[in-house]
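Please check each point against the display.

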Amino acid sequence: MNLNYIGGEWLAASSAVPNVNRSNTSDVVGEFAQASATDVQRAMDAASDAFRSCSRSTIQIRHDCLKAIAEE
């Protein structure tokens, strides 16, 4: 199942497209979940809501969050 992480929860994607190895086009290395228009609107609303609290946090807190995401 292909999922998108939107607003703090994993939601089933409406479809997916293959992620093809460009040096060997017969090698499909995974799939990209595609979002529906409704999912995109949900994601934009969630980002707008998150911005309010995130913009009031310190640069260190934002750094720590992004680093934790990257390390995951």
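1. Which residues does Gly30 touch, not counting residues up to four places away in sequence? Gly30 touches Val17, Pro18 and Asn19, where contact means heavy atoms within 4.5 Å. Gly30 is found in strand E4, which covers residues 28-34, and at 25% relative accessibility this glycine counts as partly exposed. The terms are used here as follows: buried means under 20% relative accessible area, exposed means over 50%, and partly exposed lies in between, with a 1.4 Å probe and protein chains only. Between Gly30 and Ala16, which are 14 residues apart in sequence, the C-alpha to C-alpha distance is 9.7 Å.

2. On the basis of the values, this is a predicted model, in which local features need pLDDT of at least 70 and side-chain atom pairs count only at pLDDT 80 or more, whereas totals for chains, interfaces and linings use all residues. Residues are numbered from 1 along each chain as its sequence is written, and side-chain values use heavy atoms, with hydrogens and water left out.

3. The secondary structure of the chain consists of two helices and four strands, and from the N terminus on the elements run β-β-β-β-α-α. Helices (H or I, at least four residues) and strands (E, at least two) are DSSP runs, numbered from the N terminus.

4. As to overall dimensions, the chain has a radius of gyration of 16 Å, whereas a compact globule of 72 residues would have one near 11 Å; the radius is taken over C-alpha atoms, and the globule rule is 2.2 Å times the number of residues to the power 0.38. The C-alpha trace spans about 45 × 30 × 15 Å along its principal axes. Of the 72 residues in the chain, 7% are buried, and among the contacts with a separation of 6 or more, 21% are accounted for by residues 24 or more positions apart.

5. The chain has 6 positive and 9 negative side chains, with the centres of the two sets 10 Å apart. Lys and Arg count as positive and Asp and Glu as negative, while His and the chain ends are not counted, and the place of each charge is taken as NZ of Lys, CZ of Arg, CG of Asp or CD of Glu.

6. Strand E1 (residues 3-6) pairs with strand E2 (residues 9-12) in the antiparallel sense over four bridges, pairing being assigned if DSSP finds at least two bridges between two strands. The hairpin of E1 and E2 has two residues between the strands, and Gly7 takes a positive phi near 60 degrees there.

7. Ala46 and Ala13, 33 residues apart in sequence, are 17 Å apart in space, C-alpha to C-alpha.

8. Thr58 has its place in the loop between helix H1 (37-54) and helix H2 (59-71) and is partly exposed, with a relative accessible area of 45%. From Thr58 to Gln34, 24 residues apart in sequence, the distance is 33 Å, C-alpha to C-alpha. Leu66 is found in helix H2 and is exposed, because its relative accessible area is 59%. The C-alpha atoms of Leu66 and Val20, which are 46 residues apart along the chain, are separated by 27 Å.
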